[in-house]
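Student: Could you walk me through a few local features of this protein, one at a time?

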Amino acid sequence: MIFDVSKTKSIANTFIAELRDENIQKDPMRFRKNMERLGEFFAYEISKSLAYTIQEIVTPLGVSPCEVLTQQPVLATILRAGLPLQQGLLNIFDKAECCFISAYRKVKKSGDFVIQMDYISTPDLEGKVLIMADPMLATGQSMVMCCKELINRYKIAELHIVAAIASTEGVAHVRANLPKAKLWLGAIDEEMTSKSYIVPGLGDAGDLAYGEKV
């Protein structure tokens with residue numbers, strides 16, 4: 001299942017437009033806030049697919065049967081770029097536990113790269129719904145590697161993948177390697193550069209949010 005925000009009319013498309021805009025990008029705080037708001041939008045959409053139970057809620061004037069989320073999902077992200085997007089998810093799923101993964105592109109002398117994963121901090125994922133957030137789904141290699149590492153450790157009930165911008169190649173790679181995952185994407189771009197940056201994309205999300213790395 002793929003949910004592509006760009007195929008629908010909603011305020012989320014305005015957030016994506018501002019994330020892409022090179023002039024608005026000059027304000028890191030607004031970039032982070034737009035990414036966070038996009039995370040909130042995705043959380044609301046994902047919440048429609050989750051399980052609920054009826055609870056009798058006592059008000060000052062009586063009792064009301066209300067649908068309440070049966071189980072909070074676990075919110076995972078790949079450091080550092082994914083933090084604002086994950087924070088948006090956490091604003092909505094405000095009782096959720098969180099998982100953090102350190103993974104990055106390790107560039108070889110030839111210019112090729114491999115994905116280096118150094119660190120995972122996670123709660124128990126057994127039988128849980130996992131939402132993995134990363135702003136850019138370029139080649140899809142880091143997303144697949146991180147998700148497979150967690151799947152190998154735990155029997156995850158459902159896997160949802162959230163990205164602001166994806167490439168067609170990245171989507172194909174994820175679907176081939178994680179066929180049961182549900183994808184929630186802001187937009188899908190056709191092209192990538194020789195260095196695997198999405199075109200038109202929006203640039204380096206981590207640098208735009210937190211400053212250029214050395």
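Here are some questions and answers on a serine, a helix, a pocket and some backbone angles.

Tutor: Before we start, this is a predicted model, in which local features need pLDDT of at least 70, side-chain atom pairs count only at pLDDT 80 or more, and totals for chains, interfaces and linings use all residues. Residues are numbered from 1 along each chain as its sequence is written, and side-chain values use heavy atoms, with hydrogens and water left out.

Student: Is S167 buried or exposed?

Tutor: S167 is found in strand 9, residues 158–167; strands (E, at least two residues) and helices (H or I, at least four) are DSSP runs numbered from the N terminus. Buried means under 20% relative accessible area, exposed over 50%, and partly exposed in between, with a 1.4 Å probe and protein chains only. The relative accessibility of S167 is 1%, so S167 counts as buried.

Student: Which backbone nitrogen does the side chain of S167 reach?

Tutor: Happy to look! Contact means heavy atoms within 4.5 Å, and beyond four places in sequence S167 is in contact with residues including L137, I188 and M192. At 2.8 Å, the side chain of S167 reaches the backbone nitrogen of G170.

Student: Why do the buried residues of helix 5 line one face?

Tutor: Helix 5 covers residues 168–177, and G170, V171 and V174 are buried there. Seen down the helix axis, these buried residues line one face because they fall within an arc, taken from the directions from the axis to the C-beta atoms, of 100°.

Student: What covers those buried residues of helix 5?

Tutor: Several elements contribute to the cover. Included are helix 4 (141–153), strand 1 (2–4), strand 8 (136–137), strand 9 and strand 10 (182–189).

Student: How many charged residues are in the lining of the second largest pocket?

Tutor: Among the residues lining this pocket are K155, E158, K180 and K182. Asp, Glu, Lys and Arg count as charged, Ala, Val, Leu, Ile, Met, Phe, Trp, Tyr, Cys and Pro as nonpolar, and the others, Gly among them, as polar. The lining has 8 nonpolar residues, no polar ones, and the charged number 4.

Student: Which residue is joined to P200 by a cis peptide bond?

Tutor: P200 is found in the loop between strand 12 (198–199) and helix 6 (205–210). With omega about 0°, the cis bond joins P200 to V199.

Student: What is phi of S196?

Tutor: S196 is found in the loop between strand 11 (191–192) and strand 12, and is buried, with a relative accessible area of 13%. Most residues other than glycine have a negative phi. In S196 phi is positive, near 65°.

Terms used:
A polar contact is a pair of N or O atoms within 3.5 Å; within protein, one must be able to donate a hydrogen and the other to accept it, and residues adjacent in sequence count only if both atoms are side-chain atoms. On a 1 Å grid over the protein atoms alone, a cavity is a set of points where a 1.4 Å probe fits but cannot get out, and a pocket is an open set with protein on both sides within 12 Å along at least five of seven lines; lining residues have an atom within 4 Å of a point.
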